[in-house]
Amino acid sequence: MKAIVANVLFGGIFGCLGWTNPAQANPQSVNQAALDLSQTSTISAKLLAQEILLDIPPIFGVVDRIFTINPIDSFQEPLSSASKYYLSWSQQPYVHDSEQIDLVLGFQKTFWSSTNQGKYWGVTTVEQWGNSSYKKFSLPQLNYIDSAPVLAVGSSALTFSGGGNNNLAQPVTLDQDRESSPDFENFRGGVAYHHGIASQLTMGVGFIYEDYLGSFTQVTYDSDLLPIKTTFSLIAQEAAINLHSHVLFQPASNFAVNYYHGSESQQKFDLNWNVASNLTLVANGNIKTDSYSTGIKIAVQSDFLSLSATAALDNQNNLQWQLNSQIGRFKFTYNSNQQKSSSELKANLFEAENLGFKCSAVVRYQTRLVKEEQNEYITWGAELNSATKIRPNNNLWSLQLSYGSGFHGQGWNVSGSIALQPNLTLKLDYQEISATSDETKIKLQLSSQ
């Protein structure tokens, strides 16, 4: 049953891109877009391993086009059984934006309220036509329950999504049975059609599949008289009916309160009040679980100093910190919560403009609470980054070399990356030691940032 639903859904994801909107789509342009994605995203990788096998079900043709792995030549000397070799998709999904069609491939959120809390790795497409006033969202964080589409009268949006809990490009590692067949479990998928049926009123209908087929219905009202936006979502599956609601109260551009009501264990709220240009008060909580926190955000920007900090205190007197700062050539970041903390100090040593790169020294320190004992891990090393940037925070290429020491021992870590496209990067990591393991790993990774 899951295989049938998966084939139907993924066939619809790509087939409907050229079917749902004849005025905007033609088969030739859609096929060319798919070809371009295939060409730019294809990897032919040869690693120091006997063989790498991709765990990709046959139904996922798009993944087959993105990943092409050549068999690895055999080596005379056997590799250490303690080493593992990976080819995987990063935690950041690949996102393709266009005027009519958007596509997300990789780890993401389901657009419905999923009963499965595991990671969702899949493909999502959103096609829209009519008035371009459709409000855009962060596609990897697509969540129609909490942030439903708001469409102008006569405008429409069609959403397809399907995937599973695991990375569908996850390889079989050396210590696994090579004869074992790929196992595709926990398939989830959904289709939703939204349409602006009246002024400030948008309605959505569709279906979802999680072990059982269910219906999805949604109504969103964005009032032009009161500073309130309300969404009601109904998911009916077998004998269960789940009603979700979201109310946004925003009387001013610097003040917003969200209230979410869902399952029996979810009755949440959050508040953001920008009291000054560089100061924001924040609060959030879950009424059902009796958990609350309040805090402040501070941002300071000048030619010599940059500072962004967040501090929050919960009702159990636990303090959480986040700090990002830069003073001249020095950058310092710090994050802390109950379980772990991390800090990083980076100093820009020199820039060789004639050679096209810059060099920095980096020290990182981490602590982690494990079985009521605090484990420490420290690394120090250097980074080389290209002077050319493809985006404000993305270099054309980078190389990092560091030496780590901690609870699990000592060892070298080397990583490098190169941008294939402005939003697509190929990374290679070699790791002898980490904060959680002394296992040697080599990982080739596609990342969208």
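View 1. Helices (H or I, at least four residues) and strands (E, at least two) are DSSP runs, numbered from the N terminus. This is a predicted model, in which local features need pLDDT of at least 70 and side-chain atom pairs count only at pLDDT 80 or more, while totals for chains, interfaces and linings use all residues. Residues are numbered from 1 along each chain as its sequence is written, and side-chain values use heavy atoms, leaving out hydrogens and water.

**View 2. A tilted aromatic pair, Trp-380 and Tyr-403.** Let's look at two rings: their centres are 5.9 Å apart, with 55° between the planes. Rings of Phe, Tyr and Trp (its six-membered ring) pair if their centres lie within 6.5 Å; planes under 30 degrees apart count as stacked, over 60 as edge-to-face and the rest as tilted. Trp-380 sits in strand β22 (residues 373-386) and Tyr-403 in strand β25 (residues 397-406), so the pair ties together parts 23 residues apart in sequence.

**View 3. Tyr-403 with a further partner, Trp-412.** Here the ring centres are 4.9 Å apart and the planes meet at 70°, so this pair is edge-to-face. Trp-412 is partly exposed, at 42% relative accessible area, and Trp-380 is also partly exposed, at 41%. Buried means under 20% relative accessible area, exposed over 50%, and partly exposed in between (1.4 Å probe, protein chains only).

**View 4. A cluster of aromatic rings.** Ring pairs join Phe-111, Trp-112, Tyr-120, Tyr-144 and Phe-216. The structure holds ten aromatic pairs.
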